[in-house]
Amino acid sequence: MTRTFDLDAELAAGREAPKRTVERERTQAGAELARALDQKPASGKTPSPKAVGLLRRAMKTVDTDEAGAAQAARLCLKALDIEPDWALANHAMAVALDRLGRLGAALNFYQRAYALDPTDAELYMNLGLAAWKLDMLEAAEKFLRLFHKLAPTHPGAVINLAGLLRDLNRYEDSIEILRAAIYADPDRAELWNALGTSVLESGDPEGSEVFYLEALRLNPGFARSHHNLGFAYDMAGRPDEAAELFARGAELTDRHVDRITMVHARSLALLAAGRLDEGWEAYESRLDRFYKQATEFLIDAPRWDGVDPAELRGKRVLAVGEQGLGDEVAFASLVPDLVKAAGPEGSVTLATEKRLAPLFQRSFPGVEVLLHKTVKREGRVFRVTEDLAGGPPEIWLPIATAHRAFRRTPDAFPTTSHIKADPARVAALHEQLAALGPGPKVGLLWKSLKMNANRSKYFAAFEAWRPVIETPGVTFVNLQYGDVDAELEQVRKATGVQIAQIEGLDLKADLDGVAALGVALDLTIGPMNASTNLSAGAGGNTWIVHGQPAPWTLFGTGEVKWYPASRSFKAERFGAWDGLLKTVAAELAAFAKARAAA
């Protein structure tokens with residue numbers, strides 16, 4: 001295998017983004033493997049002294065940093081050239097590649113080591129973690145349970161298994177194995193921290209606080225607990241306290257990837273608290289290549305940092321849309337500011353997602369609109385743009401960066417809608433809606449297209465919307481894209497309410513039509529996703545439902561400032577959907593009654 005393995009190509013490829021983020025219990029694998037070198041090999045065959053020496057040198061650097069892990073990988077490869085069937089050398093090579101983020105290659109070496117020596121307990125944990133990161137959850141659970149059985153007192157045995165169970169939505173199982181471990185070892189801060197996370201991820205940030213505080217009492221320098229408690233406070237509507245905890249965690253950690261995660265979390269907490277000047281500055285952390293959701297922009301021009309708008313004067317400026325569709329719609333409110341900053345001698349080009357191009361070209365007639373393209377390579381996300389008609393840009397920016405210059409306070413947002421729906425389509429949709437019968441026509445959506453265990457707790461279960469759906473005197477229109485036929489049929493059978501579908505409108509592909517529908521409807525109700533962003537951005541009457549007390553998109557105010565025509569409803573506690581949706585239902589009933597009386 002080593003003869004065909006190209007380490008230089010692996011190193012040149014860079015880190016793969018894992019399919020799942022694994023907040024694992026860190027261990028010094030180098031020290032573990034170094035101790036294993038002093039034990040008699042399971043095969044009974046003693047490896048050559050030269051190979052042993054190479055592996056000892058490798059284990060001294062594998063846990064240091066990126067360069068140390070790369071050096072360890074080279075030393076392991078030399079050891080494998082001498083002893084290709086030495087299980088420990090294959091295991092060490094896998095660890096080095098894992099540290100370098102080369103997950104697929106690491107898994108191959110882990111599997112080879114397992115085949116050569118299935119008695120190596122530490123190998124089960126590393127195999128489980130690698131499989132977990134690659135979203136092979138069934139295999140990951142198998143290996144982590146085996147490790148837990150073989151090494152029940154190992155620091156990572158319970159914690160890693162509990163984390164995997166959280167990813168499988170088995171919160172009660174996760175909590176119970178952690179409780180048992182704490183009874184046996186109540187002074188271990190890592191166990192209290194993990195228990196807090198299991199409670200938090202189950203949707204109970206207030207309940208997690210006591211466990212994180214105990215972890216910090218036992219270990220005041222525990223950076224991860226500062227981050228996790230900050231996250232709990234943020235979810236519970238305490239953003240100022242959260243920001244301080246994120247800052248403290250970032251000071252304490254010695255890993256850049258953890259630090260940038262905490263800086264980004266702090267940016268959202270600052271924005272939630274209305275501290276926009278600080279928040280937008282910290283928000284630039286989203287561009288760090290080690291941030292787990294970072295997009296790398298491949299644009300050959302200087303990047304504007306968003307500090308001094310005078311740097312745009314007279315320049316050919318390229319603004320590139322970023323993140324999801326809803327984000328592109330919200331951030332597009334900055335385009336007029338960029339045009340003004342560039343001035344009559346300059347120009348602004350906006351690169352956007354293909355489905356948004358017709359809408360943006362109509363909304364910003366003086367701006368060239370072209371397309372960006374996103375590609376994934378080895379788990380990393382890259383974004384490129386079409387060529388500009390007037391030649392390469394003189395300066396460019398990921399569009400959210402412009403908030404630093406133009407949205408430094410909540411009152412700096414526009415007071416009019418920035419998206420213009422197609423008037424002809426709005427008129428045609430008015431006619432279709434009128435044919436549905438009397439009463440206000442209300443668009444309804446309830447989730448994001450991208451749902452997983454983590455995201456699902458930010459959206460109410462469909463059944464929780466029943467008080468809204470049963471509001472008398474309202475004709476509901478489906479705005480939820482994706483496969484929802486079963487849910488709509490569930491509503492019809494349970495309540496007798498038929499949620500109408502607009503014929504000929506593809507809610508996922510035809511975003512220009514979705515924006516027009518948002519204007520044509522009397523009201524749109526739903527969480528903040530692409531459809532509500534389009535409706536609100538185009539000036540449609542839109543009620544946005546937030547499942548937490550202080551979402552960052554409200555900037556410490558009561559409304560989404562990008563959308564002056566919108567209204568926000570917030571939960572009193574995180575995930576308190578029942579009370580929230582009953583409030584929405586009562587307001588909707590009043591809205592329908594007022595329309596009927598008009």
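Modeller: A charge sits over a ring if NZ of Lys or CZ of Arg is within 6 Å of the ring centre and within 35 degrees of the ring normal. The model is predicted, so local features need pLDDT of at least 70 and side-chain atom pairs count only at pLDDT 80 or more, while totals for chains, interfaces and linings use all residues. Residues are numbered from 1 along each chain as its sequence is written, and side-chain values use heavy atoms, without hydrogens and water.

Biologist: What makes Lys-142 a charge over the ring of Phe-143?

Modeller: The charged end of Lys-142 is 5.4 Å from the ring centre of Phe-143 and sits over that ring. Arg-238 likewise lies over the face of Tyr-233, at 3.8 Å from the ring centre.

Biologist: How many aromatic pairs does a search of the whole structure find?

Modeller: The search finds 19 aromatic pairs. Rings of Phe, Tyr and Trp (its six-membered ring) pair if their centres lie within 6.5 Å; planes under 30 degrees apart are stacked, over 60 edge-to-face and the rest tilted.

Biologist: Why is the pair of Trp-543 and Phe-591 called edge-to-face?

Modeller: Their ring centres are 6.0 Å apart and their planes stand at 70 degrees, so the pair is edge-to-face.

Biologist: Why are Trp-543 and Phe-591 called buried?

Modeller: Buried means under 20% relative accessible area (1.4 Å probe, protein chains only). Trp-543 has 5% relative accessibility and therefore counts as buried; Phe-591, at 14%, also counts as buried.

Biologist: What makes Phe-555 and Trp-562 an edge-to-face pair?

Modeller: Their ring centres lie 5.2 Å apart with planes at 75 degrees, so the pair is edge-to-face. Both Phe-555 and Trp-562 are buried.

Note on methods:
Buried < 20%, exposed > 50% of the residue type's maximum accessible area, 1.4 Å probe, protein only.
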